[in-house]
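Morning, everyone. I have one structure to go through today. Let me put it on the screen.

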Amino acid sequence: MEKVVSLCKRRGFVFQGSEIYGGFVGSFDYGPYGVELANNIKAVWWKAMVQSERNIVGLDSAIVTHPKVWEASGHVSGFSDPMVECLECNTRARADHLLEEINVSADEKMSIEEINNIFDANRDKLVCPKCGQKNFSAVRQFNLLAQTNLGNFSEDWSKEPTYLRGETCQGIYLNFKNVLDSTRVKVPFGIAQIGKAFRNEIAPRQYIFRKREFEQMEMQMFVSPEEEIPLYEVWKAKRMQYYIDLGFKADNLRFHEHENLVFYAKAAFDIEYNFPFGFKELEGVHARGNYDLTQHQTFSGVSMEYTDPYTNEKYIPHVIETSVGLDRTFLAVMTEFYDEDELGGETRVVLRLPKQLAPIKVAVFPLLKNRPELVAKAEAVFALVSKEMRAEFDDNGNVGKRYRRQDEIGTPYCVTIDFETLGEEKPELKDTVTVRHRDTGEQERVAIGDLIKHLI
Ligand code: GAP
């Protein structure tokens with residue numbers, strides 16, 4: 001974990017949020033390479049979930065919605081985590097996380113009485129993560145919804161708050177009818193969305209794994225009641241395969257079945273990834289019955305019924321949800337593809353990113369920066385490749401150092417313009433460049449005219 005965090009900071013992937021003010025807990029900023037990687041993760045997800053699926057369409061719904069949305073969804077009354085306070089130093093912690101550290105399982109879906117009983121039975125073993133004392137308050141539920149006064153100008157706005165969305169999928173439910181009425185989709189069909197979500201996490205931790213402002217990539221598939229379980233099984237398998245196809249090792253992934261299903265759910269599995277701190281949830285795949293649409297129908301008074309065009313049967317569709325965090329995927333990607341090896345007698349850090357995720361696809365170097373003819377040719381090659389893919393121009397330091405820098409950020413190819421490119425040494429090599437491969441360090445000679453095709 002330390003190595004990944006250090007690489008992320010050193011090479012401009014991730015910065016602590018508000019760092020010059022001493023940081024702001026639970027907030028991180030993606031730097032120049034981080035934003036490229038994050039955008040590529042989103043593009044790969046969108047390609048798999050929208051572009052490659054005939055019956056899934058995209059959406060970008062508002063972050064702040066009518067406050068009733070969160071009453072209907074159950075978040076106002078029930079979206080909470082069990083919190084305890086250290087009575088010595090006032091640190092707040094999640095009771096279930098403290099218990100987890102001593103291998104006692106408690107679940108945020110348990111009642112507060114149940115958690116208090118488990119917590120009390122283990123008090124002698126539980127220590128404050130900050131001061132090490134064992135003097136905790138009783139466990140109480142803490143609501144995770146973050147409030148905002150957007151559009152509310154009264155002084156006591158917090159009495160009638162609006163909320164920053166706690167999950168992106170509510171915007172999908174709100175637009176179920178709009179999508180149905182404005183496109184040619186028929187059940188079963190899905191709506192996919194990527195966007196920010198906000199949670200007042202009691203104890204954000206494990207770097208970008210648990211943040212207060214984070215991004216989700218969610219897909220809700222609307223299905224008939226009979227199709228719910230068969231299609232759930234299809235999506236469960238598809239989502240696992242997605243990670244394997246991206247290049248993750250199967251050993252680093254596993255399914256974890258939820259022990260306490262919420263009353264309306266038919267099935268719920270997490271896809272867990274082997275993070276540096278152990279197997280933890282990366283993605284949730286849930287069969288949610290028709291609870292969400294029914295709740296919105298009840299609270300809004302607008303019918304969410306679907307009429308089957310072939311049988312005329314009317315029903316409120318059931319939902320299969322796939323929900324994954326962008327930030328957790330980012331951390332999983334950095335962990336999975338981080339490597340150290342020995343090349344040419346030197347140890348190096350290399351990020352073996354799949355090409356479609358690499359922030360920079362190709363780096364272009366003039367062999368020497370004090371030879372104008374090499375620089376001019378390198379600039380021309382950079383202009384050519386940067387039209388097609390994210391490229392970087394680097395003329396700083398010796399070529400070996402430049403290779404190392406690109407290895408660390410996962411650039412699959414480095415292209416060097418040398419004297420042979422100019423035709424000075426072997427005329428037959430004029431207008432060819434050296435292409436060096438990140439994973440093996442192997443080099444080959446490629447004609448500039450074939451370069452784009454070769455790299456793609
Ligand atoms: N709509 C379902 C839903 O929101 P969830 O299990 O609460 O379910 C889904 O969240 C995914 O969102 C998680 O699997 C995780 O990847 C990501 N996620 C949840 N809370 C997060 C947080 N505080 N920081 C970063 N990612 C988070």
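Buried here means under 20% relative accessible area, exposed means over 50%, and partly exposed is in between, with a 1.4 Å probe and protein chains only.

Ground rules, quickly. This is a predicted model, where local features need pLDDT of at least 70 and side-chain atom pairs count only at pLDDT 80 or more, while totals for chains, interfaces and linings use all residues. Residues are numbered from 1 along each chain as its sequence is written, and side-chain values use heavy atoms, with hydrogens and water left out.

Now the overall build. The protein chain has 14 helices and 23 strands. These are DSSP runs numbered from the N terminus: H or I of at least four residues for helices, E of at least two for strands. Along the principal axes, the C-alpha atoms fill a box of roughly 80 × 65 × 50 Å. The chain exposes about 21600 Å², and carbon and sulfur atoms supply 50% of that. Areas come from the Shrake-Rupley method with a 1.4 Å probe; for residues, only the protein chains shown count as cover.

On to the ligand. Its shell holds 19 residues, the closest being Glu167, Lys211, Glu218, Glu281 and Leu282. The cut-off is a heavy atom within 4 Å. Three strands, β10 (213-223), β13 (278-287) and β16 (318-325), each supply at least two shell residues. By class, the shell has ten charged, five nonpolar and four polar residues.

Which ligand atom sits 2.6 Å from an N or O atom in the side chain of glutamate 281? An oxygen atom. Glutamate 218 places a polar side-chain atom 2.6 Å from a ligand nitrogen. For glutamate 201, a side-chain N or O atom is 2.8 Å from a nitrogen of the ligand. Taken alone, the ligand exposes 550 Å², and the protein buries 91% of that.

Last stop, isoleucine 202. This residue is in the loop between β9 (189-198) and β10. Is isoleucine 202 buried or exposed? Buried, because its relative accessible area is 11%. Leaving out residues up to four places away in sequence, isoleucine 202 touches Asp81, Pro82, Met83, Arg92, Ala93, Arg94, Phe142 and Arg212. Contact means heavy atoms within 4.5 Å. Asparagine 260 is 58 residues from isoleucine 202 in sequence and 22 Å away in space, C-alpha to C-alpha.

Definitions and conventions: Polar contact = N/O pair within 3.5 Å; in protein donor to acceptor, adjacent residues only side chain to side chain. Nonpolar A, V, L, I, M, F, W, Y, C, P; charged D, E, K, R; others polar.
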